[in-house]
Amino acid sequence: MADDELEAIRRQRMSELQAKHGNGSNDQQGQQEAKQRDTEMRHSILAQVLDQSARGRLNNLAMVKPDKAQAVENYLIQMARYGKLAGKITESGLIEILEKVSQQTDKTTKVTFNRRRVMDSDDEEED
């Protein structure tokens, strides 16, 4: 009897683990689908907002500097959602937006040198 009960408990536990593992993959699949829907939505909004030359420039920028392209895309999508864009943005308009984003994200690097005078022979008095 003890072996039969133990086997039943093992089977029940195994089915619980399989169910739990199966739900985890469904959640992951759902997240991937949500991410895909989000990227499709982004692309459709950008297609409505940008003309062909501007889209080409943005795609070239995405190959070289993906973080800056992402910032510009976010800016354009936000402007489109609030209705601040009058029409399709041309390449020259995109260049202006790129300059604005570059100024906002411009990082200044400061380098300081801390010189240590541990083994400096000039400070020692020679006899």
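Predicted model: local features only at pLDDT ≥ 70, side-chain atom pairs only at ≥ 80, totals over all residues.
1. Overall make-up. The chain has four helices and zero strands, so that, read from the N terminus, the order of elements is α-α-α-α. Of the 127 residues in the chain, 16% are buried, and the accessible surface comes to about 11200 Å², with carbon and sulfur atoms accounting for 47% of that area. Where contacts in the chain join residues at least 6 apart in sequence, 69% of them link residues at least 24 apart.

2. The α2 and α3 pair. Helix α2, which covers residues 52-64, packs against helix α3, residues 66-81, at an angle of about 140°, and the two axes lie 6 Å apart. Angles over 145 degrees would count as roughly antiparallel, and α2 and α3 are therefore oblique to each other. From the side of α2 the contact involves Leu58, Leu61, Ala62 and Val64, which meet Pro66, Lys68, Ala69, Val72 and Glu73 in α3. By residue class, this contact of α2 with α3 comprises seven nonpolar, no polar and two charged residues.

3. The nonpolar core. The largest nonpolar core holds 16 residues, and those with the most contacts inside it are Leu50, Leu58, Val72, Leu76, Ile89 and Leu94. Two or more residues of this core come from each of α1 (2-49), α2, α3 and α4 (91-104). Leu94 touches Leu50, Ala54, Arg57, Leu58, Val72, Leu76 and Ile89, once residues up to four places away in sequence are set aside. As general background, nonpolar side chains tend to be buried together in soluble globular proteins.

4. Val72. This residue of helix α3 has a relative accessibility of 0% and therefore counts as buried. Apart from neighbours within four places in sequence, Val72 is in contact with Leu58, Leu94, Ile97, Leu98 and Val101.

Conventions:
Residues numbered from 1 in each chain as written. Heavy atoms only, no water. Buried < 20%, exposed > 50% of the residue type's maximum accessible area, 1.4 Å probe, protein only. Contact = heavy atoms within 4.5 Å. Areas by Shrake-Rupley, 256 points an atom, 1.4 Å probe, with all protein chains shown as cover. Axes fitted to C-alpha atoms, helices over the stretch in contact; angles between N-to-C directions. Parallel < 35°, antiparallel > 145°, perpendicular 65-115°, else oblique. Nonpolar A, V, L, I, M, F, W, Y, C, P; charged D, E, K, R; others polar. Core = buried A, V, L, I, M, F, W, Y, C linked by side-chain atoms within 4.5 Å.
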